[in-house]
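Subject: Structure handover

Hi,

Here is the structure I promised you. Please open it first, then read my notes below.

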Amino acid sequence: MLLYISRRLLSAVVTVLLASVIVFAAVQLLPGDVATQVLGQDATPDAVAALREQMGLNRPAVLRFVDWITGAVRGDFGVSLVSGEPVAPTLWLHLRNTMLIAVATIAVAVTSSIVLGVVAGLYRDRWPDTVISTLTLVGMSVPEFVVATLLVLALSITVPVLPAVVLDEASAPVVDLLPAVVLPTIALSVVMTAYIVRMTRTSVIDVMASEFVTTARLKGLGTGRVVVRHALPSALLPTLNVIAMNVAWLVGGVAVVENVFNYPGVGRMLLEAVHNRDLPVLQAIAVVSAAVYVLCNLAADLGAMALNPRLRTGERSAR
Amino acid sequence: MPRSPGAEGAPPRIPRRTALLGGAGALGAAALLPGCTASGPRAAPALPEAAATGTTADGGVLRMARPPASQAETLDPASSLSAYEYLGALYSRLVRMDAEGHTAPDLATEWESDDAGLVWTFRLRDGVRFHDGRRFTSADAAYTLRRIVDPDLASPQGTVLGPLIDPSRVHTPEPGVLVVELTTPNFEFPALLTNYNCYVVPDGDGNTIGSTGIGTGPFRLDSFSPGGRGRIVAYDDHWEGPPALDAIEMFSMTDIQARTNALLAGQVDLISQTNLDFATARVVEASDRATIARSVNAQWYVLPMLTTAEPFTDVRVRRAMKLAYDPRHVIDVALQGTGVPGNDNPVPPGTPYWTDYAVERDPDRARALLAEAGHEGLSVELYTSGYDPVFTPMALAYRDSVAEAGIDITVRNTSADSYYTQIWMQKPLMSTYWYTGRPADQLLNQVFRSGSSYNETAWANDAFDGLLDAARATADEDRRRTLYQDAQRMVVDEGGAMTPMFADRLVGISRDVLNYHESGFEFDYLNIGLRP
């Protein structure tokens with residue numbers, strides 16, 4: 001068990017490191033560099049050259065990467081090439097804001113999708129299943145920004161009850177941001193729910209057909225008890241991973257939705273950093289996202305262990 | 001000098017890849033509002049001509065959505081990263097440009113030169129105070145000029161004024177008089193001071209002006225955060241009298257769809273620096289809350305041919321490219337008819353020094369010229385992007401129009417994100433636009449003179465440069481006009497820029513806004529207000 005966890009932690013660190021290398025390389029391949037992007041075409045060639053020199057962009061990429069990674073290990077993500085501000089505090093602020101959406105979305109999406117998935121699985125091929133499955137297919141097929149736009153049209157423009165965009169900055173108090181969290185949460189929940197519902201449905205169908213459920217039924221247990229006590233824990237096992245992936249996807253920056261709502265989260269910060277070729281910011285976001293991703297997967301695996309006694313008995317049988 | 005003042009012109013400011021999403025969102029909204037766009041008398045393309053005018057409410061707060069320059073933006077007017085919307089509100093210039101494009105008094109009440117056009121004397125307005133109470137004098141004006149031409153500041157306008165102004169020959173004989181001894185004669189000098197980099201800042205404030213915003217304009221700074229939100233409030237001691245509004249709140253939104261949604265939802269009253277595409281404009285116009293105002297002839301659209309790249313090194317090929325297309329067709333397709341032909345002349349119609357010189361379309365002559373140059377059946381690539389909604393339709397319409405002359409154009413769409421760093425001034429043929437509102441002299445010198453940093457066609461013609469020099473040194477205005485018009489004819493006949501059209505900018509504003517007026521780089525902050 002401990003060995004398993006430490007091995008997983010090690011691979012997590014390697015994954016995060018690899019992610020930062022890949023992102024660094026990818027940014028080098030983007031056309032244009034930060035000096036030209038920052039100064040724009042208003043700038044004279046001399047000004048661009050001076051800024052490149054000042055930013056140290058003329059140094060070899062490998063050296064710049066090594067500098068950065070040694071700082072990052074100490075928790076210092078450097079300063080933004082564009083604003084000149086330290087990256088870390090800004091990133092935490094944006095991460096906090098994205099967490100608001102993420103937590104709300106997880107609460108809404110996970111709860112509703114498990115309920116819907118179980119219902120669909122239990123009523124397999126009957127009308128509740130048909131309705132739920134059709135809706136989830138639609139939810140999966142429509143891109144987030146379309147859902148977002150329709151929500152804005154319905155709830156901000158036609159019936160103006162919620163803000164269409166966030167006017168506040170990243171540093172705004174959480175209370176001020178709350179109304180602005182609602183629409184992004186619904187938009188993301190629609191997409192996220194669809195995947196979890198389908199996973200839950202499939203696994204409920206599998207479990208309900210399994211021998212131990214049949215045994216439980218034969219013992220004379222009521223359907224409700226069979227489902228909640230016996231079937232559900234097993235059915236949720238494979239679902240956990242899907243949920244973990246979705247959570248990671250959320251925290252890693254729901255860039256498109258944040259952009260539509262002008263929401264000051266990690267996603268929008270990421271888009272702006274890519275646009276400005278702001279390497280330190282980009283790297284920091286990539287590493288933090290990778291870390292969150294890895295942690296979510298780790299949590300899902302450990303959760304699965306907790307739910308399934310067979311996984312707990314030892315390394316051999318776990319594999 | 002900026003093709004445009006801030007965001008829409010300077011690439012770092014908006015990740016315009018998202019413009020695509022904006023369009024898609026607007027279409028989605030349009031689909032849900034079927035009755036609104038084509039309802040009887042309001043059928044296409046009936047967009048309103050101008051903003052509503054009238055007596056405004058006493059005070060009020062205007063909320064403005066703007067594309068931020070970047071996280072590095074500043075209130076320093078001389079910078080290439082200045083937060084454009086704040087400038088005209090916070091500062092004043094010595095000389096401004098009136099609605100007809102003529103120079104008009106601002107902080108300078110009158111000006112005159114010696115007979116040679118070398119020594120310019122400006123008489124300054126008396127009793128003007130900066131927002132912090134300091135009195136405006138010629139020392140501030142001199143400091144501002146010296147600062148703009150300082151190479152270390154790298155101001156975009158520095159490349160224009162630098163060759164003319166020697167910092168040691170800017171004199172302040174009296175607090176109310178500024179004397180500038182130019183290094184070469186220039187009778188158009190005051191017009192060059194109408195540029196938006198030329199706003200006057202207090203003497204010695206260069207290092208702090210980027211965050212203090214202390215000027216003599218109708219508003220003073222309340223708060224500002226780069227790339228974020230800000231607020232300016234009425235400056236009651238403004239020399240023209242206080243503005244109609246109490247305050248303006250500025251909100252930064254990088255995404256064009258977010259800006260549009262904010263307007264439609266009533267969260268903001270005006271979208272700055274955004275030329276809405278036609279689909280979005282109709283959705284906005286159909287709303288109860290918002291409408292469209294036009295900034296007439298605000299966009300100058302160009303298809304530049306790089307005269308240093310094959311096959312455009314040959315003037316016969318350039319002429320053929322111009323003779324082959326029908327500007328009317330391009331206007332109908334790309335602007336849905338709402339523009340005026342440019343006749344390949346960059347000077348906007350109706351402005352001072354403009355000439356109506358035009359060459360009729362002649363595909364047969366184009367074909368003959370190409371054959372003569374050895375480029376029969378010419379096949380070239382035309383680059384475009386989603387940076388501006390008009391680029392791609394303009395490119396496609398041009399392609400269709402020149403097919404008759406046997407010219408084969410392949411339209412290549414590229415990333416809007418890096419368009420102005422990777423494509424502009426690099427590819428032999430591409431689409432672009434500039435804001436209009438530059439005096440003819442600055443326009444021709446900055447974009448067409450040999451070696452100028454914004455010479456996007458890399459055209460170098462000594463005769464043309466000579467005409468500009470002669471015009472600047474000519475005291476007689478009629479004679480000067482003739483020279484500038486000769487220069488324009490050379491651009492039309494020999495230059496590398498095709499100018500199919502000038503277009504109105506479609507600006508989204510709330511129906512509550514009165515007296516919105518914007519032309520070129522001039523925004524009327526004094527009279528804009530809200531419905532009572």
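Start with Asn343(B): at 26% relative accessibility, this residue counts as partly exposed. The cut-offs are under 20% relative accessible area for buried, over 50% for exposed, and in between for partly exposed, with a 1.4 Å probe and protein chains only.

Two sentences on the ground rules. This is a predicted model, so local features need pLDDT of at least 70 and side-chain atom pairs count only at pLDDT 80 or more, while totals for chains, interfaces and linings use all residues. Residues are numbered from 1 along each chain as its sequence is written, chains are lettered from A and ligands numbered from 1 in the order in which they are written, and side-chain values use heavy atoms, leaving out hydrogens and water.

Backbone of chain B

Asn343(B) is not a glycine, yet it has a positive phi of about 55°. It lies in the loop between strand E13 (339-341) and helix H12 (363-372) of chain B. Helices (H or I, at least four residues) and strands (E, at least two) are DSSP runs, numbered from the N terminus. Asp344(B) is in the loop between E13 and H12 too. Its phi is positive, about 60°, and it is not a glycine either. Is Asp344(B) buried or exposed? At 8% relative accessibility, it counts as buried.

Now look at the bond from Glu310(B) to Pro311(B). This peptide bond is cis, with omega near -5°. Pro311(B) sits in the loop between strand E12 (290-304) and helix H10 (315-324).

Surface patches

Like charges are joined within 9 Å, and nonpolar side chains (Val, Leu, Ile, Met, Phe, Trp, Tyr) within 5 Å. Lys and Arg count as positive, Asp and Glu as negative; His and the chain ends are not counted. A charge is placed at NZ of Lys, CZ of Arg, CG of Asp or CD of Glu.

Which residues gather in a patch of negative charge? They are Asp58(B), Asp236(B), Asp237(B) and Asp246(B). Asp246(B) is in the loop between strand E9 (230-234) and strand E10 (247-252). It is partly exposed, at 45% relative accessibility.

On chain A, Leu10(A), Val14(A), Leu18(A) and Ile22(A) form a nonpolar surface patch. Together they have about 400 Å² of accessible area, by the Shrake-Rupley method with a 1.4 Å probe; for residues, only the protein chains shown count as cover. Leu10(A) lies in helix H1 (residues 2-29) and is exposed, at 59%.

Best wishes

Note on methods:
Patches are made of residues with over 30% relative accessible area and no salt bridge: like charges are joined within 9 Å, nonpolar side chains (Val, Leu, Ile, Met, Phe, Trp, Tyr) within 5 Å. A salt bridge is a side-chain nitrogen of Lys or Arg within 4 Å of a carboxyl oxygen of Asp or Glu.
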